Structure formats: structure tokens, C-alpha cells
Amino acid sequence: MMHVQGNTIDFDTARLKLDQSAKNAGARRKVAKRGSQFEAVQQQLLHSLQTTLEVDQVLNLFHKGLQELLQVDALEYRHNAEPAVVQVGQPAVHRCSYRISHAGNYLGELQFSRQQRFAENELLAIETLLGTLLFPLRNALMYREALRNALNDSLTGTSNRLALNQNLERDIRQSHRSQQPLSLLVLDIDHFKQVNDRFGHAYGDAALKAVVNCVTESLRSVDGLYRLGGEEFVVLLNSTTLDAARMVAERIRKSVENMQFELDGQPIPLTVSIGLSTLHAEDDANSLINRGDQLMYDAKRQGRNRVRVES
């Protein structure tokens with residue numbers, strides 16, 4: 001039968017535990033195989049956890065320390081703002097869990113598991129060692145959030161041009177190595193300036209977000225949507241042939257055309273013009289984007305609300 005022990009640990013509480021050496025001395029002696037083992041693991045963690053700003057690496061290092069001291073089989077980390085669960089090791093039957101916070105800020109939830117039930121003195125050891133984790137974990141989460149903000153468009157929530165440059169160069173290298181197709185859509189909202197001029201930029205922003213939501217619903221989870229600037233966007237389609245990408249482009253075009261968008265109760269028709277390019281052997285990121293951009297302008301010249309595909 002699985003046994004789970006749950007606790008909430010706050011940074012200030014953990015710091016107090018670190019300082020209460022006299023109180024913890026008995027627990028340390030019971031846990032450690034040698035008298036100095038707890039202190040050695042604690043010092044090792046204090047040093048090693050400061051060497052990285054990657055959340056996964058911080059948690060791996062912390063698990064390694066617990067494994068050495070307490071034979072903890074697995075560590076599982078969850079955070080409301082993170083879609084993925086970080087898991088280190090193989091989960092076991094007996095578990096203890098902690099909700100971690102610092103100064104009122106939620107830092108996530110940790111669960112430790114192993115084959116043997118955790119004794120009280122072992123839980124005290126874990127809680128004491130959590131004091132070495134909290135600052136590095138908080139810093140890693142702040143670093144991840146800073147990277148996310150640097151790569152995201154604050155208005156629409158899509159990735160930005162910097163993220164596109166990084167991901168497209170990576171995907172082109174991978175496509176050349178694996179000989180898998182790579183396609184790219186450049187799309188622009190038709191007559192968008194008229195929306196801004198007629199209704200103002202606040203309503204124009206609402207129109208941008210509506211189009212982004214519509215496009216996102218037409219894509220797979222593995223596809224990437226990026227804002228180049230203004231009302232122009234790029235869709236990156238990995239492992240997608242020209243014919244398959246044409247179907248995606250038409251699906252996006254029809255979805256936007258059929259979208260029910262209103263401003264102050266007044267229906268506003270929105271459409272997009274799309275240019276589709278696919279990766280050639282001689283392509284780099286700039287040539288692939290530029291070709292899609294030119295095809296998009298061809299679509300506008302031919303009447304808008306259409307897809308232009310390279311021949």
C-alpha cells in the first residue's frame with residue numbers, strides 16, 4: 001500500500017532548521033552512516049546547487065545528495081506554471097511530499113519516494129536539507145521565467161523573432177541531418193491598418209489576439225507560431241511536406257475567414273494572406289523566411305485572403 005506523507009515547507013522555516021544544529025544533532029547521527037556524513041552532504045549541496053540555473057539540473061543534484069544520505073529512489077517536481085513534471089529516478093511505494101514557498105511565493109511541490117517508509121528523523125533530515133535547495137530553485141525558476149519573457153511577444157503570447165531565429169536555425173540543421181522536410185508559413189492580416197485607424201490600437205490589439213487564437217487552434221502542439229512584428233507572423237512546420245503544409249495553410253486561412261470577430265457589437269471581417277516556402281538544400285534561415293515573405297506579398301497582390309505556394 002502506498003504511503004504518502006505531506007508537508008508544507010517555507011523558506012524561513014527551512015532556514016531555521018538549518019540553524020538548529022543542536023536540535024538536529026540526534027537525527028543526523030541516526031541518519032548518517034558516519035558522524036560527518038550529514039554535514040558533508042549538506043556542504044556538498046550548498047556548493048553544487050549554486051553551479052547551475054537549470055531547474056532540471058538543480059533537482060538532479062539535490063536528488064543525488066538525498067540518494068547518498070537516505071537512499072531516496074526518486075524525486076518528482078511539479079509547478080503550476082510548468083506543463084511538464086520533472087522526475088528523477090524510479091518512483092517507489094513510500095512517499096513524502098512538500099509544498100515549497102518563500103516569502104509567500106509558490107516554488108512548486110516536491111515528492112520523494114523509496115522502498116522503505118520514511119522515519120521521523122529522516123523527514124527532519126530532508127526538511128533541513130531543503131534549506132540548501134530553496135535559493136537555487138528560486139533562482140532557476142526566475143532564470144527560466146526571464147528566458148521565457150525574452151523569447152515571447154508580450155502582447156499576443158506567441159514566441160518572438162529572437163525565438164524564431166534560434167529555433168529555425170536548430171530545425172534547419174536537424175532537417176538537413178535527418179533528411180526530413182521542413183516548411184514555413186508567413187502570414188499577414190489583411191487590411192489591418194484600417195482596423196487600427198478606424199477603431200484605435202486597443203481594438204487592433206484585440207483583433208491581433210483573436211487571429212493568434214484562431215491560428216493556434218488550427219495547429220498541432222508541435223508546430224510553432226512566431227510574431228515577426230506588426231501583424232505579420234510565421235508558422236514553423238517540422239517534418240511537414242509542401243503538400244501537407246498547403247493543407248495547414250488553407251485550414252488557417254479558412255478558420256480566420258470564418259471567425260466571428262466583433263468590436264463593440266459590430267462584426268469585423270478578418271482575413272490573412274499566406275506565403276508557403278519549404279526547405280531546400282541550399283537554404284539558411286534568412287532565405288527560407290524571405291522566400292515565404294515574398295510569396296505572402298504575392299498573395300496580397302493577387303487579391304488577399306489566399307495562399308501562395310512556391311512552384
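Which residue forms a salt bridge with Asp243, and how far apart are the closest N and O atoms? Arg246 is the partner, with 3.8 Å between the closest N and O atoms. A salt bridge here is a side-chain nitrogen of Lys or Arg within 4 Å of a carboxyl oxygen of Asp or Glu.

Before the views, a word on the model. This is a predicted model, in which local features need pLDDT of at least 70, side-chain atom pairs count only at pLDDT 80 or more, and totals for chains, interfaces and linings use all residues. Residues are numbered from 1 along each chain as its sequence is written, and side-chain values use heavy atoms, with hydrogens and water left out.

View 1. Helices (H or I, at least four residues) and strands (E, at least two) are DSSP runs, numbered from the N terminus. Arg246 is partly exposed at 36% relative accessibility, while Asp243 is exposed at 53%. Buried means under 20% relative accessible area, exposed over 50%, and partly exposed in between (1.4 Å probe, protein chains only).

**View 2. Strand β8 pairs with β6 and with β7.** Two strands pair if DSSP finds at least two bridges between them. Look for β8 at residues 232–238, where six of the seven residues are buried. Seven antiparallel bridges join β8 to β6 (residues 182–189), and Leu185 has Val235 as its bridge partner. On β7 (residues 224–229), five bridges connect to β8, again antiparallel; here Gly229 stands opposite Glu232. Two residues lie between β7 and β8 in their hairpin, and Gly230 in the turn has a positive phi of about 55°.

**View 3. Helix α8 has a buried side covered by several elements.** Its 17 residues (201–217) reach 24 Å from first C-alpha to last, close to the 24 Å expected (1.5 Å times one less than the number of residues). Among the buried residues are Gly204, Leu208, Val211 and Val215. The cover over the buried residues includes β6, β7, β8 and α9.

View 4. Asp188 counts as buried because its relative accessibility is 8%. Setting aside neighbours within four places in sequence, the contacts of Asp188 (heavy atoms within 4.5 Å) include Glu231, Glu232, Val272 and Met296. Arg304 is 116 residues away in sequence, yet its C-alpha is 9.5 Å from that of Asp188.

**View 5. Two further salt bridges each show a 2.5 Å N to O distance.** In one, Arg114 meets Glu122; Arg114 is buried at 4% relative accessibility, and Glu122 is buried at 15%. In the other, Glu310 meets Arg291. That pair links distant parts of the chain, with Glu310 in the segment after β12 and Arg291 in helix α10, 19 residues apart. Glu310 is buried at 11% relative accessible area, whereas Arg291 is partly exposed at 22%.

**View 6. Gln179 and Ser239 are loop residues with positive phi.** Gln179, between α6 and β6, has a phi of about 60° and is exposed at 65%. Ser239, between β8 and α9, has a phi near 50° and is partly exposed at 49%.
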